Every structure is written in structure tokens, then in C-alpha cells.
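Subject: Handing over the structure

Hello,

Here is the structure we talked about. Please look it over first, then read my notes below.

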Amino acid sequence: MHEFSVTKSLVDLCNQEAVRNDMKEVRIINLKVGRFTGFSPDSIRFYFEHLKTNTRCATASIVFEEVPIKIKCCDCHKHSTIDEPILLCPYCGSNAIDLISGREFSVASIEGE
Ligand SMILES: [Zn+2]
């Protein structure tokens, strides 16, 4: 259900951007989604199909760029990329972790005419 509200914001944002840039039809939305958000591209795509009608995004599709979860250990100072959103250092097991990337949810660009 979380994806519904973020997708709604996404459609609103892209629609506003299209109006501001005098773009009549948005074709492509390049979206960065950090894996730490837990958002599922499939769910976002599903809601998007419903929410985009009667907006300037009606013919648009989303291109997802998944941003991996990168962490830095505050104890052993090693950097790692992890698949699961579990903040533990794979080297020393410490949970004193800085999250470097993975929280992103942003529109990198929109394309259209
Ligand atoms: Zn460590």
C-alpha cells in the first residue's frame, strides 16, 4: 500500500514538471529507487497504470534505476554493497553502519514532447 502513495506523488510531480516545461506528453520517466526503500518496481508500475490516466503521463512508462544499498562500517571502516536491507557489516558483524546509498526515491529526468 505504501507504493500507492509514492506513485501518486510521482504522477503529480511529473505532471507538474510537464506543465512547467510545456511538455504535452511525457513518454519516459527515469526513476531512481534505492533498494533500501523496499519499494517494489512491479507495484509502482501497477499503480502507475491506474494513476496516470487523464494526466500528461497517460502514455508514459517508467524506467527504473535500482540503486544498490551501500554501507560503510564505523568500526572496521570497510565499504560494502548489501542485497538485503539489514544493516550489519559483512566483515565484522558490527551494526554501527553509515548508509551511503539505497534510500533514493527520485525522478532523475522525464522525457517527452
Ligand atoms: Zn565492519
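One term before the notes. A nonpolar core here is a set of buried Ala, Val, Leu, Ile, Met, Phe, Trp, Tyr and Cys residues joined through C-beta atoms within 7 Å. Buried means that 20 or more other C-beta atoms lie within 10 Å of the residue's own. Please also keep in mind that this is a predicted model.

**The cores**

The largest nonpolar core has 13 residues. Those with the most contacts inside it are Val 11, Cys 14, Val 26, Ile 29, Cys 57 and Ile 62. H1, S1 and H2 each supply at least two residues of this core. S1 gives the most, with four residues. In soluble globular proteins, nonpolar side chains tend to be buried together.

Take Cys 57 as a way in. Leaving aside residues up to four places away in sequence, Cys 57 touches Val 11, Cys 14, Asn 15, Val 26 and Lys 52. There is also a second, separate core, of five residues. Its members include Phe 36, Ile 69, Ile 71 and Cys 73.

**The chain as a whole**

The chain holds two helices and six strands. From the N terminus, the order is α-β-α-β-β-β-β-β.

How does the radius of gyration of the chain compare with that of a compact globule of 113 residues? The chain has 17 Å, whereas such a globule would be near 13 Å. Along the principal axes, the C-alpha atoms fill a box of roughly 55 × 25 × 15 Å. Of the 113 residues, 23% count as buried. Residues 24 or more positions apart account for 72% of them.

**The sheet S2-S1-S6**

Three strands form an open sheet in the order S2-S1-S6, with mixed pairing. Strand S2 (61–67) and strand S6 (105–112) stand at the edges. Each has a single partner strand, so one side of each is left without a neighbour in the sheet. Neighbouring strands of this sheet are turned by 20 degrees against each other on average, direction ignored.

Which sense does each pairing take? Strand S1 (residues 26–34) pairs with S6 in the antiparallel sense, over seven bridges. Two bridges to look up:

- Ile 28 has Glu 111 as its bridge partner in S6.
- Leu 31 has Val 107 as its bridge partner in S6.

S1 and S2 pair in the parallel sense, over seven bridges. Here Val 33 has Glu 66 as its bridge partner in S2.

The helices come in as follows. Helix H1 (residues 2–20) lies across S1 and S6. H1 runs at about 40 degrees to S6. S1, H2 and S2 make a right-handed β-α-β unit.

**The sheet S4-S3-S5**

Another open sheet of three strands has the order S4-S3-S5. Its pairing is antiparallel. At the edges stand strand S4 (79–82) and strand S5 (97–101). Each of these has a single partner strand, so one side of each lacks a neighbour in the sheet. The twist averages 35 degrees from one strand to the next.

Strand S3 (residues 69–73) and S4 pair in the antiparallel sense over four bridges. Lys 72 stands opposite His 79 in S4.

**Two residues to look at**

Is Val 63 buried or exposed? Val 63 sits in strand S2. With 12 other C-beta atoms within 10 Å, Val 63 is exposed, because a residue counts as exposed at 12 or fewer. Val 63 touches Ile 28, Ile 29, Asn 30 and Leu 31, again not counting residues up to four places away in sequence. The C-alpha atoms of Val 63 and Lys 24 are separated by 19 Å, and the two residues are 39 residues apart along the chain.

Asp 42 belongs to helix H2 (residues 41–51). Asp 42 has 10 other C-beta atoms within 10 Å, so Asp 42 is exposed. The C-alpha atoms of Asp 42 and Ile 86 are separated by 22 Å. Along the chain, Asp 42 and Ile 86 are 44 residues apart.

Over to you.

Best wishes

Definitions and conventions: Residues are numbered from 1 along each chain as its sequence is written. This is a predicted model: local features need pLDDT of at least 70, side-chain atom pairs count only at pLDDT 80 or more; totals for chains, interfaces and linings use all residues. The radius of gyration is taken over C-alpha atoms; the globule rule is 2.2 Å times the number of residues to the power 0.38. Two residues are in contact if their C-beta atoms, placed from the backbone, lie within 7 Å. Two strands pair if DSSP finds at least two bridges between them. Axes are lines fitted to C-alpha atoms, for helices over the stretch in contact, and angles run from 0 to 180 degrees between N-to-C directions. A crossover is right-handed if, with the strands pointing away from the viewer, the path from the first strand over the helix to the second runs clockwise.
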